[in-house]
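The following exercises ask the reader to work through one protein model, each followed by a worked solution. Please keep the sequence and the structure in view throughout.

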Amino acid sequence: MAETRRIEKVWKSRPTVEGAGVRLKRAFGFQEVPQLDPFLLLDAFRSKDPADYEAGFPWHPHRGIETITYVLAGEVEHQDSLENRGVISAGDVQWMTAGSGIIHQEMPRGERGGLVGGFQLWANLPAKQKMMEPRYREVKAAGIPQAKTKDGATVRVICGEVAGVRGPVREIVTDPELLDVSVPAGKSFAHRVKPGHNIFAYVVEGEGYFDPGRDPYAREAAGSGWSDLARPCVCGADTLVLFGPGDTVEVTTEGKPVRFLLASGKPLREPVAWYGPIVMNTKDELRTAFREFEAGTFVKGSRR
Ligand code: CO
């Protein structure tokens, strides 16, 4: 019998400054490890003011992780030490496996009127694949198929499968799903998920119910779960929902529509040694990475 996942925890993303001075909102990061394993970090950026983002993310290294950039408005110019370069535009996804290491820069550029918006998600790599050859999967907006569910939801399928529609990003180590789900007012979305996977939703806009019990904090009175939200019953923009165990996720709406990212991944359950943009298993591996970066021997991969 299908068991619907309840909300395990829920919280709001928090303003932070990253890169050379980019103002963004962090849904989760270092502090939350290992709750969202294999995911490490989710940053949301959205601003019309170039002062909030134009300093960008100048040259920096990554090793041991994947960074997934999903642009909703404006664009992000990307350039790396292997002479790869490109532009991630609204609706595009760049799924970058840093593996053994890349050094890159990521510079947001506003659309007319200045607006830039999007996300960066970090997924961890297992010990065995941390030093794999770097690779990119760049998917243009037109290459991301849209699924319509029988309940009336519309889903951009980046990675995974909904209503027989399969996303273009495949063969990723942690077997993830990444969906951009829109549910109109008064409708619902039900999605089968892998039982052992960790799953989160991040609300982009609107509001919805992410727990079949409507008020998951009925349980709080019984001594389980916690929240930093006063009324968590309805989840609005900038809310991170971490689901508990089960094999189905159900989201329903009332008077307003909701749009959210839904991500699922297989937990690695390995030690995490994390400093800045590099995530390894041990402090020794971290030291090696930064020593190599200083010495100019960091990049192992060949040009794609
Ligand atoms: Co980066």
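**Exercise 1. The second largest pocket**

How many residues line the second largest pocket, and which of them lie nearest its centre?

*Solution.* The model is a predicted one.

Step 1. The lining of the second largest pocket is made by 18 residues. Those nearest its centre are Ala-44, Phe-45, Arg-46, Val-204 and Asp-238.

Step 2. Four strands, β3, β4, β11 and β19 (198-206), each give at least two residues to this lining.

Step 3. Sorted by class, the lining of the second largest pocket holds eight nonpolar, three polar and seven charged residues. The space in the second largest pocket comes to about 350 Å³.

**Exercise 2. The largest pocket**

*Solution.* 

Step 1. The volume of the largest pocket is about 560 Å³.

Step 2. Its lining consists of 29 residues. Nearest the centre of the largest pocket are Glu-18, Arg-26, Leu-41, Asp-43 and Trp-122.

Step 3. At least two lining residues come from each of β2 (14-18), β3 (22-28), β4 (39-47), β5 (57-62), β10 (102-109) and β11 (116-124).

Step 4. The lining of the largest pocket comprises 14 nonpolar, nine polar and six charged residues.

**Exercise 3. The seven-stranded sheet**

In what order do the seven strands of the open sheet follow one another, and in which sense do they pair?

*Solution.* 

Step 1. The order is β2-β3-β4-β11-β6-β9-β12, and the pairing is antiparallel.

Step 2. At the edges stand β2 and β12 (135-139), each of which pairs on one side only. With direction ignored, neighbouring strands of this sheet are turned by 25° against each other on average.

Step 3. Within the sheet, eight bridges link β4 and β11 in the antiparallel sense. Phe-45 stands opposite Gly-118 in β11. Phe-45 also belongs to the residues nearest the centre of the second largest pocket.

**Exercise 4. Backbone exceptions**

Which peptide bond ending at Pro-34 is cis, and what is its omega?

*Solution.* 

Step 1. Most residues other than glycine have a negative phi, and most peptide bonds are trans.

Step 2. The peptide bond from Val-33 to Pro-34 is cis, with omega near 5°. Pro-34 is located in the loop between β3 and β4.

Step 3. A cis peptide bond also leads from Asp-37 to Pro-38, where omega is near 15°. Pro-38 lies in the loop between β3 and β4.

Step 4. Ala-163 has a positive phi, near 45°, although it is not glycine. Its place is the loop between β15 (161-162) and β16 (165-166). The relative accessible area of Ala-163 is 57%, and exposed means over 50%, so Ala-163 is exposed.

Step 5. Glu-171, likewise a residue other than glycine, has a positive phi near 55°. Glu-171 lies in the loop between β16 and β17 (177-183). Its relative accessibility is 71%, and Glu-171 therefore counts as exposed.

**Exercise 5. The chain as a whole**

*Solution.* 

Step 1. Along the principal axes, the C-alpha atoms fill a box of roughly 55 × 45 × 35 Å.

Step 2. Of the 304 residues, 53% count as buried, buried being under 20% relative accessible area.

Definitions and conventions:
Residues numbered from 1 in each chain as written. Predicted model: local features only at pLDDT ≥ 70, side-chain atom pairs only at ≥ 80, totals over all residues. Heavy atoms only, no water. 1 Å grid on protein atoms, 1.4 Å probe; cavity = no way out; pocket = protein on both sides within 12 Å on 5 of 7 lines; lining within 4 Å. Points joined across faces, edges and corners; volume = space filled by probe spheres on them. Nonpolar A, V, L, I, M, F, W, Y, C, P; charged D, E, K, R; others polar. Pairing = 2+ DSSP bridges. Axes fitted to C-alpha atoms, helices over the stretch in contact; angles between N-to-C directions. Buried < 20%, exposed > 50% of the residue type's maximum accessible area, 1.4 Å probe, protein only.
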